[in-house]
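Here are a few friendly notes to read alongside the model. Take them one at a time, and keep the 3D view open as you go.

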Amino acid sequence: MKKVGVALLGLGTVGGGTYEILVKNREYFRETLGLDVEVKAVLEKNLDRAKQLGVDLKIVSTDIADVVKNPDISIVAEFFGGIEPARTFLLEALKAGKSIVTANKELFSKHWYELEAAAKQTGAGLYFEASCVGGVPIIRTIEEGMQSNKIEQIKGIINGTTNYILTAMSDEGADYAAALKRAQELGYAEFDPTADVEGFDATYKISILSTLAYHKRVPVEAVKREGISKVDAVDIQIGKELGYTMKLLALSKNVNGKIEARVAPVFVPTSHPLASVKGSFNAVYLHGDSVDDIMLYGRGAGALPTGSAIVSDILFAAKQSEAKRYPYAEKGKSDLKEFDTDFVSKYYIRLKAADEEGTLAKITHVLGKENINIESVLQKKPISSDNAPIVFVTDKTAESNIKKAVEEIKNLGAVKEVDALYRVEE
Ligand code: NDP
Ligand code: HSE
């Protein structure tokens, strides 16, 4: 029986879930894998939390030296969150030759190259399945299940908190703030939920997934980002009438080596499988040049789902005789201009116009001038003489085109305001 000593950094939502799985399934791992995994050290400030989970307080401290100097520990799993002290502690662990497992996508997306370089020095391993899409084994799918493919596109819902909020707003007519509070109570949201609602968390994840899929570093700063905090419930309702559901989508494409990546709220047809992904569930399409589309679906956040990914990495790491290397991830800086692209898609535009003859013609004239074909128009009953809400859904057009047209439309005297502009995915 191989004995595997593990240290857990943090006993919050993910650390607690990890500890619970390691304890409840210890015997099962012995029987099925021949691995006896034991938690030898825990770094956590909150002793009450450790007591609640039944952790022996003799192994709890806040000093990384207790981990690094312990020869019985070969794997260090981190779920502090944030950059420091997680970065310093993990670098120390790697220098001591201990493999690391992390759920920390912010740290990993921003410092992968540094961790990779440190791991190379000692031959230690880096495992990060839990950093992207919670309990869904997407890293292993890209790395081992799809290695025969050139991956050309990644598209999906990769943040549980925003999906929970948008689902509650759409299905229950819930208020944004109340839905966010519930997501926090359920342990889905980041310590600072701005990371979720402003799309940062999803940019970290799509940066990691794209780097892995395209074998080229796609830095966080190269991902265009828009969050959901400004989404108006009115657009969710109008979208429904038009047959669309709003989702925070992460999308990246590799077209002949030219990579584009973005995170934004977009409309998907209600008949699309992504539209039926609800609550904290995540779903991602991976498009390979041989396999075509693969769709992965499962819980993207929460204690046990994320703990499942962490423990799977611990078991995987324990079985490796040689750690895997990602040489492209060692590149610290990238030229961000390489990632500039003019995204092509359909668009949804909602505006407030004057309730007078000729208004629609003026707007359609601008769209026509910019070669933007209109797929559908919805005019709502005027609320007042200068507030006749009109919604257009366009055919596919380049982002630069639609932005130019919107600027021109804003300057038409008959248009009071352009209230919303969203992409429409097929
Ligand atoms: P929590 O805030 O619930 O847990 C973090 C824990 O680490 C807290 O108990 C905190 O203690 C402790 N901690 C932080 N710094 C130190 C330190 N220096 N010394 C000792 N203890 C420390 O966060 P989560 O579990 O939700 O998230 C952890 C990581 O996992 C993040 O990187 C997150 O992005 C990632 N993740 C989270 C998921 C989720 O569903 N929640 C899913 C996938 C990934 P205290 O509170 O006392 O500061
Ligand atoms: N805050 C993240 C989310 C946790 O809501 O998806 C999982 O990475």
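1. Start with how the chain meets itself. Among contacts between residues at least 6 apart in sequence, 74% join residues at least 24 apart. Please keep in mind that this is a predicted model.

2. Now the overall build. The protein has 15 helices and 17 strands. Its radius of gyration is 24 Å, close to the 22 Å that the globule rule gives for 426 residues, so the protein is as compact as a globular protein of that length. Along the principal axes, the C-alpha atoms fill a box of roughly 80 × 45 × 35 Å.

3. Of the 426 residues, 54% count as buried. The accessible surface comes to about 18,200 Å², and carbon and sulfur atoms account for 50% of that surface. As for charge, there are 54 positive and 60 negative charges, and their mean positions lie 2 Å apart.

4. The phi of Asn371 is near 60°, a positive value in a residue other than glycine. Is Asn371 buried or exposed? At 67% relative accessibility, Asn371 counts as exposed.

5. Asn256 also deserves a look. This residue lies in the loop between strand E9 (244-255) and strand E10 (258-269), and its phi is positive, near 50°. With a relative accessible area of 80%, Asn256 is exposed.

6. For a peptide bond to check, go to Glu84 and Pro85. The bond joining them is cis, with omega about 5°. Pro85 is found in the loop between strand E4 (75-78) and helix H5 (86-95).

7. Finally, find Glu38 in strand E2 (residues 35-43). At 29% relative accessibility, Glu38 counts as partly exposed. Not counting residues up to four places away in sequence, Glu38 touches Val4, Gly5, Val6 and Arg26. How far apart are Glu38 and Lys3 in space, C-alpha to C-alpha? The distance is 7.7 Å, although Glu38 and Lys3 are 35 residues apart in sequence.

Conventions:
Residues numbered from 1 in each chain as written. Chains lettered and ligands numbered in written order. Predicted model: local features only at pLDDT ≥ 70, side-chain atom pairs only at ≥ 80, totals over all residues. Heavy atoms only, no water. Helix = DSSP H or I, 4+ residues; strand = E, 2+ residues; numbered from the N terminus. Rg over C-alpha atoms; globule rule 2.2 N^0.38 Å. Buried < 20%, exposed > 50% of the residue type's maximum accessible area, 1.4 Å probe, protein only. Contact = heavy atoms within 4.5 Å. Areas by Shrake-Rupley, 256 points an atom, 1.4 Å probe, with all protein chains shown as cover. Lys, Arg positive; Asp, Glu negative; His and termini not counted. Charge placed at Lys NZ, Arg CZ, Asp CG, Glu CD.
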